[in-house]
Amino acid sequence: MTSTRSRLASTRRGAQVRRAPDGARPQSRLVRVTRIVAAGLVLLGLWWLASRVYAAYVLPGPPDVWNSFTAAVSRGLWAQEVAATLAHLFAAIALIIVIGLPVGIIIGRFVIADDLTRGILVLLQTVPTIVLIAVALVFIGTTDSSVIAVTVASGLTYFMLNIIQGSRAIDHALIEMAKAYGASERTIMRTIILPSTVPYFLAGCRIALGVTWQVTLFSEYLMGTGGIGFQISTDIKLLDTSDVFMWGLTAVLLTFLFEYVVFRPAERYLTRHVKKAQ
Amino acid sequence: MTTETEDRPTELRVEHVWKEFGNGPAGAVLEDISFDVRKGELISIVGPSGCGKSTLLNILCDLTAPSRGQIVFASVRPRIGYVFQAPRLLPWRSVRRNVEFGLEQAKAARAEIHVRALEAVRLVQLEEHMDKYPHQLSGGMQQRVALARALILRPDVLLMDEPFAALDALTRGYLLEEVLNIVRHSGSTTLLVTHDIDEAMLMSDRVVVMSSRPARVKEIIDMPFTDCSSVDMLITDPEYPRLRAKIRDLLRPEVSDLIPDARPPLSAVDSERSLADSCPYPTGLTARSSRGVPR
């Protein structure tokens with residue numbers, strides 16, 4: 001407040017100058033990145049300090065976790081378990097897209113499909129994951145397929161609801177235009193309906209990704225099929241807390257990598273025609 | 001009925017076309033529409049808004065089937081280009097790819113589509129903007145892309161449904177002249193739907209005047225303005241006032257509530273307003289707002 005007043009005073013004799021308040025001024029990227037990294041380092045420091053107070057099996061410090069990491073890597077365990085989890089995750093996401101995209105478009109376009117599948121969608125959305133896991137254990141057993149099935153069942157609805165919404169948001173003026181030019185149903189699907197659903201597809205993927213990460217680890221933990229979740233369940237039984245931290249941070253790292261290396265570039269490419277927000 | 005296009009062969013014939021949506025007289029849109037269009041001719045269809053002009057174009061390009069009657073084309077598979085009121089461009093395609101869409105449906109070879117897209121984009125003078133997306137273009141430019149998408153077909157018949165209606169007055173004036181120039185040179189038979197009388201007079205060899213819904217053909221009037229290339233030239237033509245008055249008089253009973261020309265003269269509005277103003281009661285205010293401006 002005082003700074004605004006003094007600024008006004010200093011320009012009283014000249015033309016009136018209006019400046020954006022500090023918060024709205026664009027910041028250089030370097031400044032922002034520096035701040036983010038600094039805040040991260042502070043957090044790391046606090047963790048390290050706290051770990052000096054508690055026993056290692058309660059709160060391991062950064063060096064303990066790092067040692068766990070290097071040990072797991074050198075034994076080949078880290079790569080093996082990460083690969084197992086990623087295999088579960090990718091299989092589930094691929095299935096979600098392969099099932100959810102066509103089914104979602106059909107439900108969006110035909111009322112009868114909507115009516116017939118409404119019940120099962122509500123069921124999938126509301127049944128607790130733990131029940132899905134229990135049912136999968138009975139029907140499929142403790143196998144990789146079990147983990148994938150539970151993950152698909154949990155993530156599918158979220159993804160599909162977006163696709164359904166997207167296929168209803170199609171601009172019918174464009175379809176009419178295509179028909180006036182003699183486009184076939186197949187061409188309309190390829191050139192208008194599918195591109196129209198892209199923003200909804202991306203939103204669906206993002207939500208599905210969040211859900212599937214959680215559910216995959218959770219299922220692995222409970223089913224003992226290998227993967228990061230299974231390792232956490234073993235380590236906690238042995239009270240190997242630093243390993244638990246290591247696997248947890250591994251999951252965090254993978255999520256970030258996925259977001260910035262796969263998802264964001266894909267999103268940027270698929271929405272390159274969209275007006276960028278200022 | 002003496003125009004230079006009269007001895008040309010017929011491009012298409014609208015034969016007793018009726019269209020009803022649903023049942024009963026309320027759903028009747030088109031009533032026994034018949035007229036011939038000769039090759040290379042520019043025809044404007046004027047009529048009140050919502051009278052069914054767009055439905056007629058939709059029937060012409062097979063988007064809608066007529067309830068009765070038929071359209072007979074001279075060629076077996078006529079190439080039809082359609083320019084809508086809104087550009088209707090695909091937002092995820094560049095200008096080039098949007099223009100190509102017109103020809104992709106005709107199963108042309110990739111290389112040919114490419115060459116002809118460039119040709120069509122040059123016609124509408126957008127070659128500098130080939131790789132932009134629709135959101136990066138102004139409304140007038142978008143409508144030119146839509147025109148190029150129709151022109152790439154080298155259409156036998158070009159249908160235009162109020163293509164300038166959504167544009168601002170300045171853009172509209174320039175684009176009108178540009179499009180007139182393009183269609184006169186392209187040799188495409190053109191049907192333009194509009195409710196702007198000047199636009200109709202400038203853009204056509206003949207003007208088809210339609211009644212309000214259900215639409216009938218009231219009269220088909222020859223236009224002698226083939227040498228005019230702009231509205232400015234049109235309005236200085238000695239024939240302009242007579243023909244404009246004729247079309248206006250034909251439309252007046254149909255559109256008493258739709259176009260400004262059909263409103264009572266300004267003097268009548270003024271006298272009514274002053275009457276309301278002199279009224280001492282507050283109710284006079286509501287009386288003025290409901291009667292002063294006819295709806």
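## Interface between the chains

In this predicted model, 15 residues of chain A are in contact with 14 residues of chain B, contact being C-beta atoms, placed from the backbone, within 7 Å. On the side of chain A that touches chain B, helix 8 (172-180) and helix 9 (185-223) each supply at least two residues. Helix 8 of chain A gives the most, with 6 residues. Helices (H or I, at least four residues) and strands (E, at least two) are DSSP runs numbered from the N terminus.

By class, this side of chain A has 8 nonpolar, 4 polar and 3 charged residues. Ala, Val, Leu, Ile, Met, Phe, Trp, Tyr, Cys and Pro count as nonpolar, Asp, Glu, Lys and Arg as charged, and the others, Gly among them, as polar.

## Chain A

Chain A has 11 helices and 0 strands. Of its 278 residues, 30% count as buried (20 or more other C-beta atoms within 10 Å of the residue's own, placed from the backbone). Among chain A contacts between residues at least 6 apart in sequence, 71% join residues at least 24 apart.

## Nonpolar cores

A nonpolar core is a set of buried Ala, Val, Leu, Ile, Met, Phe, Trp, Tyr and Cys residues joined through C-beta atoms within 7 Å. The largest has 78 residues, of which B:Val46, B:Ala148, B:Leu159 and B:Leu191 touch the most other members. Helix 4 (residues 139-151) of chain B gives the most to this core, with 7 residues.

Leaving aside neighbours within four places in sequence, B:Leu191 is in contact with residues including B:Val37, B:Ile43, B:Leu57 and B:Val157. A second, separate core of 45 residues includes A:Ile105, A:Leu132, A:Ile133 and A:Ala136.

## Conventions

Residues are numbered from 1 along each chain as its sequence is written, and chains are lettered from A and ligands numbered from 1 in the order in which they are written. Local features need pLDDT of at least 70 and side-chain atom pairs count only at pLDDT 80 or more, while totals for chains, interfaces and linings use all residues.

Methods: A residue is buried if 20 or more other C-beta atoms lie within 10 Å of its own, exposed if 12 or fewer, and partly exposed in between; C-beta atoms are placed from the backbone. Two residues are in contact if their C-beta atoms, placed from the backbone, lie within 7 Å.
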